Amino acid sequence: MKKKAKLATLSLVTVMLTGVIAGCSSSKNEGSSGAAASPASSTNPSSATKDSYEIAIAIPAFGAAPKDTQAVQDEINKITKAKINATVKIMPISIGAWSQQMNLMTSGREKLDLFFEFGAGYSPDVATGKIVAIDSLLDKYGDGIKKQIDPAYLSSVKIEGKTYGVPVYKDYTSGVPGVLMRKDLVDKYKINVASIKTIDDLDQVYKTIKDNEPTIVPLGAGLSVPSDFYVWYDKLGDRLGVLPGYDNGLKVVNLFETKEYEDYLNKVHSWAKAGYINKDAATTQANASDLLKADKAFSYFIGLRPGNLESETRANGKELVFAPLMPNIYATTSSTQSGLWTISANSANPERVMMLMNLMYTDKDLANLFVYGIEGKHYVKVSDNAIDYPAGIDSKTVGYSIQSWIYANPSIAYLMKSDLQAMWKLTAEANQKATKSKALGFTFNSEPVKNEVIALKNVTDQYAKGLESGTLDPAEKLPDFRAKLKAAGIDKVIAEKQKQLEAWAAANKQK
């Protein structure tokens with residue numbers, strides 16, 4: 001993926017946020033072939049593009065807004081003006097201010113047409129009318145999108161039968177839950193990576209690092225914690241009622257009451273007590289990968305997808321090795337919806353915005369501009385489909401970059417030369433082979449229990465991060481957490497989710 005992509009941040013995204021992000025059968029994976037679909041037949045009817053229109057696009061910025069955004073925008077506009085008689089205005093918004101700023105923009109009448117939607121905000125934004133249904137627009141102007149994304153995944157973002165966003169073309173699975181470790185230290189202490197099969201097998205590994213590397217914590221945690229990736233259940237959106245084993249006969253349970261959850265908490269707390277996790281894990285704004293990059297951590301948890309090992313190695317500037325902790329990969333609604341592109345209810349011209357979206361999923365030149373910037377200035381080609389930084393420039397000094405998993409369809413863009421060149425082929429295969437959750441396509445409508453959900457969020461904000469980072473002692477705090485969840489109405493939310501899931505299953509003939 002993109003040079004600066006951090007899967008830890010993606011997980012934050014999926015939680016918040018969160019986990020980036022190619023859902024298609026091999027016969028439909030036009031994205032991985034790099035072939036751009038022509039928009040002429042479906043996105044450029046003269047009657048719909050008679051008057052020029054400026055499309056305001058909000059994207060999250062991880063770090064400072066790229067200084068060359070205007071120059072890149074000018075080049076993008078040469079394409080969009082010629083193809084759909086529209087220009088774009090890119091509005092990078094700091095991730096730290098993203099939620100507040102987007103709430104202000106979507107609640108008011110500010111100019112906003114198109115924006116990246118983190119999964120956690122999708123259903124609430126539908127419920128509050130901040131984004132519009134796009135089914136008819138997809139039918140009229142979205143032929144390219146439909147050819148890029150497998151129908152099973154495109155339909156999985158429907159809410160009560162309607163489509164409100166298009167998922168980013170990515171690996172739609174949970175990835176393989178596991179741990180990334182510094183190879184130099186693995187080699188130094190002769191750690192047998194193949195022997196690591198479960199989280200219990202990490203005890204001795206972390207003890208070795210703790211005993212011999214006093215300036216490095218064995219496990220880094222921060223904006224993301226291990227529980228963001230070490231997942232044995234379908235979150236059903238918000239973890240307020242989950243589906244163990246991605247099936248469980250479609251019976252929704254309280255995650256926080258399960259033995260598996262308690263066992264996990266006890267494990268990470270034992271690590272924290274032993275000094276295996278950074279002491280500020282519950283409060284730091286650093287990514288776990290940032291700690292490793294800064295020589296402050298030996299490892300961090302991840303859901304490994306095709307190309308991640310290479311991109312994480314590049315981003316951290318250190319060779320890494322991976323140990324899987326669970327054997328299977330699953331596709332869930334939450335992973336499909338972790339990143340989407342949505343049309344704002346504020347837009348004065350949704351038709352033109354859909355035309356742009358179709359281009360974003362199909363036009364290779366547009367993809368390369370959005371993701372990498374201007375050829376010769378921000379990157380140079382080293383082969384037909386691989387690029388590198390220009391001489392004298394690196395990831396820290398380049399004038400333009402975004403997280404590639406934000407872009408609509410990064411599979412049609414170039415790959416960095418250090419990327420796994422087969423990444424998109426492997427991504428398509430992963431999507432095809434993944435075990436699909438029994439609830440794939442189900443989206444919970446929290447409106448009937450919105451007051452309880454708000455109250456429960458306050459409780460989880462108070463306890464979950466502290467417990468799941470190992471900071472709080474579950475013997476002391478887990479009973480309080482459970483009691484307060486009960487008082488805040490988690491049983492009512494689970495009952496409502498069960499009711500909706502059964503109705504959805506009946507409508508979709510699930511058994």
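## The five-stranded sheet

Five strands build an open sheet, and their order is E2-E1-E3-E14-E6. The pairing in this sheet is mixed. Strand E2 (86-94) and strand E6 (165-167) stand at the edges. Each has a single partner strand, so one side of each has no neighbour in the sheet. From one strand to the next, the twist averages 30°. Keep in mind that this is a predicted model.

Strands can pair in two ways. Backbone hydrogen bonds hold the pairing, and it is either parallel or antiparallel. Here, E1 and E2 pair in the parallel sense over nine bridges. Strand E1 (residues 53-61) also pairs with strand E3 (residues 114-118), again in the parallel sense, over two bridges. Ala58 stands opposite Phe115 in E3.

Helix H6 (residues 119-127) lies across E3, E6 and strand E14 (339-343). H6 runs at about 115° to E3.

How many residues of E1 are buried? Eight of the nine are, so E1 is largely enclosed by the rest of the structure.

## Val88, a residue in E2

Val88 lies in strand E2. Is Val88 buried or exposed? Its relative accessibility is 2%, so Val88 counts as buried. The cut-off for buried is under 20% relative accessible area.

Ile55 stands opposite Val88 in E2. Val88 also touches Ile55, along with Ile57, Gln73, Ile76, Asn77, Thr80 and Leu356; residues up to four places away in sequence are not counted. Now look across the model. Val88 and Lys457 are 369 residues apart along the chain, and their C-alpha atoms are separated by 36 Å.

## The four-stranded sheet

Another open sheet has four strands, in the order E8-E11-E7-E12. Its pairing is mixed. Which strands stand at the edges? They are strand E8 (217-219) and strand E12 (320-324). Each has a single partner strand, so one side of each is left without a neighbour in the sheet. With direction ignored, neighbouring strands of this sheet are turned by 25° against each other on average.

Strand E7 (residues 176-182) and strand E11 (residues 297-304) pair in the antiparallel sense, over six bridges. Val179 has Phe301 as its bridge partner in E11. Helix H14 (residues 308-316) packs on the sheet and touches E7, E11 and E12. The direction of H14 makes about 145° with that of E11. Helix H11 (residues 202-212) lies across E7, E8 and E11. H11 runs at about 150° to E11.

## Two loop residues

Tyr189 sits in the loop between helix H10 (183-188) and H11. The side chain of Tyr189 makes a polar contact with the side chain of Lys188, at 3.4 Å. Leaving aside neighbours within four places in sequence, Tyr189 is in contact with Thr208, Ile209, Asn212 and Glu213. Tyr189 and Phe444 are 255 residues apart in sequence. In space they are 47 Å apart, C-alpha to C-alpha.

Asn278 is found in the loop between helix H12 (259-273) and helix H13 (288-293). Asn278 counts as buried because its relative accessibility is 10%. Which side chain makes a polar contact with the side chain of Asn278? It is that of Asp280, at 2.9 Å. Asn278 also touches Val217, Leu219, Gly220, Ala221, Thr284 and Leu291, with residues up to four places away in sequence not counted.

## A helix pair: H19 and H20

Helix H19 (residues 450-468) and helix H20 (residues 474-488) have axes that come within 9 Å. These axes cross at roughly 175°. Angles over 145 degrees count as roughly antiparallel. H19 and H20 are therefore roughly antiparallel to each other.

Which residues make the contact? From H19 they include Leu456, Val459, Tyr463 and Leu467. From H20 they include Leu478, Phe481, Lys484 and Leu485. By class, the contact of H19 with H20 has 11 nonpolar, two polar and four charged residues.

Terms used. Residues are numbered from 1 along each chain as its sequence is written. This is a predicted model: local features need pLDDT of at least 70, side-chain atom pairs count only at pLDDT 80 or more; totals for chains, interfaces and linings use all residues. Side-chain values use heavy atoms; hydrogens and water are left out. Axes are lines fitted to C-alpha atoms, for helices over the stretch in contact, and angles run from 0 to 180 degrees between N-to-C directions. Angles under 35 degrees count as roughly parallel, over 145 as roughly antiparallel, 65 to 115 as roughly perpendicular and the rest as oblique. Contact means heavy atoms within 4.5 Å. Ala, Val, Leu, Ile, Met, Phe, Trp, Tyr, Cys and Pro count as nonpolar, Asp, Glu, Lys and Arg as charged, and the others, Gly among them, as polar. Buried means under 20% relative accessible area, exposed over 50%, partly exposed in between (1.4 Å probe, protein chains only). A polar contact is a pair of N or O atoms within 3.5 Å; within protein, one must be able to donate a hydrogen and the other to accept it, and residues adjacent in sequence count only if both atoms are side-chain atoms. Two strands pair if DSSP finds at least two bridges between them.
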